[in-house]
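Here is a friendly briefing to read alongside the model. Please have your viewer open as you go.

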Amino acid sequence: MKWTGNWLLTDDEPDLAVRGQLQLAMYAVHLATGNSIYCKRIKATTVDNYVLAASTFLAFFTGRDFCKDLPTDSSMGHLLRPALKDLHTYESVPNRREPHDLNMHSLGRTLALLSDSKALLPALIDGFKQGLCAGYRLLEWAQPIGKFSIDRPQLNHVVSSPLRTLAIVPCDIRCVA
Amino acid sequence: MQITSVTAVSLTKVWVKFWTQKNGQHGEEKLFVLNPDPNGICMVASLYRALTRFVKLRLMDGRLHEERTPLSAYHHGPTNTI
């Protein structure tokens, strides 16, 4: 599914309401990652308004508001609400960093193909990719057990370390061919 | 580990165990399946690459341990360390 998929939702989807709401959530993320008019980052409130406008416009054709779980609900749907809430949360962070978006990931993947497969960049890109799919947190990346400062992470890269790492290790993975 | 004896496309699914989770379900195993889109983001292909990287790194340094060394280990060229 892509946010540019059939917006009129005329496919044979089993649950068009869920798909419609997911597409609106993807549209919100798409807007928030600089894909707006003039390619400029826009405020989360503006993203809200864009999504509402899209939903209202679609309702003329589909007969329902995909922003909501039920037509009688007064609040946003359970799929769309967390996405919009995250955009507001991100905007409220002082000195925030640029989020890792799909375009950056695609560029990183291209660069990783040019380097040694054992080097840092391919390892990072694979980690980011797994994080996108599984929602890794910092401690699942390469951290030892215990408390740590996010500014000074104690990377558990000492190969003979007796520390029990909280990171994903090879024996946590079971492959089925 | 026998990951090098199979190809990425022959892997159909991968189970990953999450030992520590924010929701308290420690030790939960999650299933990931192959993304048929070769240009799409695929957890299975990414884990395959990470595992094969780990195997190659262990050939360079036999101290890498399947239970203690993070999967995200990499080779640092300038210092020739892992």
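This is a predicted model: local features need pLDDT of at least 70, side-chain atom pairs count only at pLDDT 80 or more; totals for chains, interfaces and linings use all residues.

Residues are numbered from 1 along each chain as its sequence is written, while chains are lettered from A and ligands numbered from 1 in the order in which they are written. A sheet of 3 strands takes in β1 of chain A and both β1 and β2 of chain B, and α1(B) packs on that sheet.

**The two chains**

- Chain A has 6 helices and 1 strand, where helices (H or I, at least four residues) and strands (E, at least two) are DSSP runs numbered from the N terminus.
- Read from the N terminus, the order of elements in chain A is α-α-α-α-α-α-β.
- Chain B holds 1 helix and 2 strands, arranged β-β-α from the N terminus on.
- The C-alpha trace of chain B spans about 35 × 35 × 25 Å along its principal axes.
- For the 82 residues of chain B, the buried share is 28%.
- Taking contacts (C-beta atoms, placed from the backbone, within 7 Å) between residues at least 6 apart in sequence, 40% of those in chain A join residues at least 24 apart.
- The corresponding share in chain B is 30%.

**Where the chains meet**

- On the chain B side, 42 residues are in contact with 33 residues of chain A.
- Two or more residues each come from β1 (13–18), β2 (28–33) and α1 (43–60) of chain B, and α1(B) gives the most, with 10 residues.
- That side of chain B divides into 22 nonpolar, 9 polar and 11 charged residues; here Ala, Val, Leu, Ile, Met, Phe, Trp, Tyr, Cys and Pro count as nonpolar, Asp, Glu, Lys and Arg as charged, and the others, Gly among them, as polar.

- Between the chains, 4 bridges join β1 of chain A (residues 173–176) to β1(B); C175(A) has V14(B) as its bridge partner, and R174(A) has W15(B).
- Within chain B, 6 bridges join β1(B) to β2(B); W15(B) is partnered by L31(B), and K13(B) stands opposite V33(B).

**The helix on the sheet**

- α1(B) touches β1 of chain A as well as β1 and β2 of chain B, and its direction makes about 75 degrees with that of β1(B); axes are lines fitted to C-alpha atoms, for helices over the stretch in contact, and angles run from 0 to 180 degrees between N-to-C directions.
- With 18 residues, α1(B) reaches 26 Å from its first C-alpha to its last, close to the 26 Å expected at 1.5 Å a residue, where the expected span is 1.5 Å times one less than the number of residues.
- The buried residues of α1(B) include M43(B), V44(B), L47(B), R49(B), L51(B), R53(B) and F54(B).
- Their cover includes α5 (120–134) and β1 of chain A, together with β1 and β2 of chain B.

**Nonpolar cores**

- The largest nonpolar core has 22 residues, and V14(B), M43(B), V44(B), L47(B), Y48(B), L51(B) and L71(B) have the most contacts inside it; such a core is a set of buried Ala, Val, Leu, Ile, Met, Phe, Trp, Tyr and Cys residues joined through C-beta atoms within 7 Å.
- β1 and α1 of chain B each give two or more residues to this core, and the largest share, 8 residues, comes from α1(B).
- Another core, of 16 residues, lies apart from it, and among them are A25(A), Y27(A), F66(A) and L87(A).

Conventions:
Two residues are in contact if their C-beta atoms, placed from the backbone, lie within 7 Å. Two strands pair if DSSP finds at least two bridges between them. A residue is buried if 20 or more other C-beta atoms lie within 10 Å of its own, exposed if 12 or fewer, and partly exposed in between; C-beta atoms are placed from the backbone.
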